[in-house]
Amino acid sequence: EQIHKSYNSALNIIKKLFFYGYERIIYSKEGLEEGYKIQDDICEEFVKYIGDGKEKEAVFFIESLCFDIKNFTKTSVKDIKNIFLNLTLQLIYEAERRGIYFSEEEQQENRYIWDLISRFNTLEELKEYIIDKISNTFRKFKELQNSCRSIFEVKKSIRKNYADNELSVKCLAEEVFLTPTYLSALFKKETGQNISDYIVEV
């Protein structure tokens, strides 16, 4: 009977390593006895922060969530990973909805997101992963905004100066502080047209 109790105690401590990590002493009675109660609107609140462009609030939301979960060590690790899976999928969906482009490597990672999340060994690893994902997503949002702003300014300049024989990709690029090569590629990506074709259309 004593061996059985010791075995169960050891299993309990091993599980708690997920919550507290491997760099501290774990006690068998640490943490609350009940499991963490998942709120029905947990994803909605998170997505609202993303949609409203509130990066700091989104990060704080994840940090607070992890802090709360850490106190409920009876919670199923699989259930916790499912929470983070759903939050990550919502983040990806919101990014795609707003026109964010993902590299082939990122697309591959997004397709097998559960495989990646299921391999994390601690709550801290999950937290770091999704916060990094949030930071990268907001960086892409800013890049997209800057790209849209540059294309808007270029289009405005073309409409204003289309009759000018001196109008060129080089001049347009200088106006938005980009290289001609990058501007040409960006314009093609954002509009589906070459700059020269757009000038002719105007």
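**Entry 1: rings**

Which residues form one aromatic cluster? I looked, and Phe46, Tyr49 and Phe61 form it.

Before going on, I noted that this is a predicted model, in which local features need pLDDT of at least 70, side-chain atom pairs count only at pLDDT 80 or more, and totals for chains, interfaces and linings use all residues. Residues are numbered from 1 along each chain as its sequence is written, and side-chain values use heavy atoms, with hydrogens and water left out.

I found 6 aromatic pairs in the structure. Phe18 and Phe19 have ring centres 5.3 Å apart and planes at 90 degrees, so I wrote this pair down as edge-to-face. My cut-offs: rings of Phe, Tyr and Trp (its six-membered ring) pair if their centres lie within 6.5 Å, and planes under 30 degrees apart count as stacked, over 60 as edge-to-face and the rest as tilted.

I also checked how accessible these two are. Phe18 has 5% relative accessibility and counts as buried; Phe19 is buried too, at 1%. Here buried means under 20% relative accessible area, exposed means over 50%, and partly exposed is in between (1.4 Å probe, protein chains only).

**Entry 2: the whole chain**

I counted the secondary structure next: 10 helices and 0 strands. Helices (H or I, at least four residues) and strands (E, at least two) are DSSP runs, numbered from the N terminus. Of the 202 residues of the chain, 35% count as buried.

I then turned to contacts, meaning heavy atoms within 4.5 Å. Among those between residues at least 6 apart in sequence, 68% join residues at least 24 apart.

**Entry 3: the cores**

Which residues touch the most other members of the largest nonpolar core? They are Phe46, Ile62, Ile69, Phe84 and Leu87, out of 37 residues in that core. I take a nonpolar core as a set of buried Ala, Val, Leu, Ile, Met, Phe, Trp, Tyr and Cys residues joined through side-chain atoms within 4.5 Å. The elements that give two or more residues to this core are H1 (2-20), H2 (42-51), H3 (55-70), H4 (77-97), H6 (113-118) and H7 (123-161). A second, separate core has 12 residues, including Ile151, Ile158, Leu167 and Leu183.

I followed Phe84, which lies in helix H4 and is buried, with a relative accessible area of 1%. Not counting residues up to four places away in sequence, Phe84 touches Ile62, Ile69, Ile117 and Lys127, among others. Phe84 and Leu126 are 42 residues apart in sequence, yet 7.3 Å apart in space, C-alpha to C-alpha.

Is Lys127 buried or exposed? Lys127, in helix H7, is buried at 19% relative accessible area. Leaving aside neighbours within four places in sequence, Lys127 is in contact with Ile62, Glu63, Cys66 and Phe84.

**Entry 4: helix H9**

I checked the length of H9 (residues 180-191).

The buried residues of H9 are Leu183, Leu186 and Phe187. Seen down the axis, they fall within an arc of 100 degrees (taken from the directions from the helix axis to the C-beta atoms), so they line one face of the helix. What covers them includes H7, H8 (169-175) and H10 (195-201). On the face turned away from the buried side I found the exposed residues Thr181 and Lys189. Just after H9, Gly192 takes a positive phi of about 80 degrees.

**Entry 5: a loop residue**

My last stop was Phe177, in the loop between H8 and H9. Phe177 is exposed, with a relative accessible area of 74%. Phe177 has a positive phi of about 60 degrees although it is not a glycine. Phe177 and Ser150 are 27 residues apart in sequence and 8.9 Å apart in space, C-alpha to C-alpha.
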